[in-house]
Amino acid sequence: MDAINTDAPRDDDALEKAFQTKVDAETRIEPKDWMPEKYRHTLIRQMSQHAHSEVVGMLPEGNWLTRAPSLKRKAVLMAKIQDEGGHGLYLYSATETLGISRDEMFDQLHTGKAKYSSIFNYPTLSWADIGAIGWLVDGAAITNQIALCRCSYGPYARAMIKICKEESFHQRQGYEIMLTMAQGTPEQKAMAQDALDRWWWPSLMMFGPNDSNSPQSAQSMKWKIKRQSNDELRQKFVDATVPQAEYLGLRIPDDNLKWNEERGHYDFGEIDWVEFKNVVSGNGLCNRERLKDRVDAHEGGKWVRDAALAYAEKQKQRSAAAAA
């Protein structure tokens with residue numbers, strides 16, 4: 001058999017056509033499969049941003065860990081924060097299958113080259129904010145992530161199945177906090193309403209720019225990285241969340257919100273895209289604080305990573321000596 005000439009020019013057009021045919025047939029793309037470089041880079045950007053968001057998302061909730069109103073609430077919140085850390089690890093591992101190292105991803109985050117969800121650059125001012133984060137922020141995340149369970153890239157899709165199961169508990173935990181406060185004293189209900197007022201619009205921003213201002217969405221949908229557009233997902237979230245707010249007896253802070261019988265969906269007001277761009281650009285209320293905390297935590301844990309590597313090397317040497 002003749003040897004394969006690996007230096008021979010490849011027909012990239014034919015490879016891309018075969019790749020798209022595979023995607024269209026709903027066949028998962030795996031790490032060792034050929035893929036367009038732009039597909040790989042798009043996944044690295046999206047998956048690493050997702051991983052960063054899970055880890056940075058631990059920070060605003062950690063702000064209330066020592067001030068939870070009961071031991072039960074503290075234990076539940078601690079479990080949730082641990083889940084978020086685990087989600088970040090799943091996603092970093094999945095992203096590494098695309099040929100980028102974890103150290104490189106961390107460096108991109110710490111230098112500001114990589115982004116994370118803008119929602120985590122808002123402060124948690126009261127215990128009700130923990131409920132609003134679970135109900136709204138995790139609710140928005142689930143709306144987006146359920147579609148990712150069918151992502152064309154296998155490692156990402158499989159990671160999302162487990163993550164979505166855990167996020168559903170987080171959403172219920174947040175809603176239960178809001179329900180308890182809404183049914184509590186007038187002061188507690190006012191606190192819940194205040195949290196809803198502050199977190200509603202940032203939650204809608206989580207889905208990204210309008211479709212007309214999101215040029216990468218069309219390509220991501222063609223590759224089946226995304227299954228629904230930003231505006232479709234945002235509408236789905238609004239339609240699901242408004243009845244929940246009504247059950248709580250709380251008011252969505254949008255004077256333009258109303259049911260549209262003809263469309264079969266809720267109409268809602270325009271998002272403040274200037275604020276969105278400002279926060280994404282690094283000028284939100286907590287951008288610098290969040291990034292500093294992540295860098296400090298990474299540098300502070302260096303001795304643990306060094307010790308683990310040293311221990312692994314020592315065990316390797318002992319095994320080699322025993323085998324000699």
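Which residues form one aromatic cluster? Phe19, Trp34, Tyr39 and Trp223 do. Keep in mind that this is a predicted model. Some notes from going through it:

1. **Aromatic pairs overall.** Searching the whole structure turns up 10 aromatic pairs.

2. **A pair between α4 and α5.** Tyrosine 92 and phenylalanine 106 also pair edge-to-face, at 5.1 Å centre to centre with 80° between the planes. Here too distant parts of the chain are linked: tyrosine 92 sits in helix α4 (residues 71-96) and phenylalanine 106 in helix α5 (residues 102-110), 14 residues apart. Tyrosine 92 has a relative accessible area of 2%, so it counts as buried. Phenylalanine 106 is at 14% relative accessibility and therefore buried as well.

3. **Charges over rings.** Two arginines are worth a look here. The charged end of arginine 67 sits over the ring of tryptophan 64, 3.9 Å from the ring centre. Arginine 172 places its charged end over the ring of phenylalanine 169, with 5.0 Å to the centre.

4. **Cysteines.** How many disulfides are there? The count is zero. Cysteine 149 is in no disulfide, and the nearest cysteine sulfur, that of cysteine 164, is 3.8 Å away, while the cut-off for a disulfide is 2.5 Å. Cysteine 149 is buried, with a relative accessible area of 17%. Cysteine 151 is likewise in no disulfide; its nearest cysteine sulfur belongs to cysteine 149 and is 9.8 Å away. With a relative accessible area of 0%, cysteine 151 is buried.

5. **The cavity.** A search of the whole structure gives one cavity of 30 Å³ or more, and the largest cavity holds about 30 Å³ of space. Its lining consists of Asn144, Ala147, Leu148, Lys226, Arg227 and Leu233. Which helix gives the most to that lining? Helix α6 (residues 127-148) does, with three residues.

Terms used:
Residues are numbered from 1 along each chain as its sequence is written. This is a predicted model: local features need pLDDT of at least 70, side-chain atom pairs count only at pLDDT 80 or more; totals for chains, interfaces and linings use all residues. Side-chain values use heavy atoms; hydrogens and water are left out. Buried means under 20% relative accessible area, exposed over 50%, partly exposed in between (1.4 Å probe, protein chains only). On a 1 Å grid over the protein atoms alone, a cavity is a set of points where a 1.4 Å probe fits but cannot get out, and a pocket is an open set with protein on both sides within 12 Å along at least five of seven lines; lining residues have an atom within 4 Å of a point. Grid points are joined across faces, edges and corners, and a volume is the space filled by probe spheres set on the points. Helices (H or I, at least four residues) and strands (E, at least two) are DSSP runs, numbered from the N terminus. Rings of Phe, Tyr and Trp (its six-membered ring) pair if their centres lie within 6.5 Å; planes under 30 degrees apart count as stacked, over 60 as edge-to-face and the rest as tilted. A charge sits over a ring if NZ of Lys or CZ of Arg is within 6 Å of the ring centre and within 35 degrees of the ring normal.
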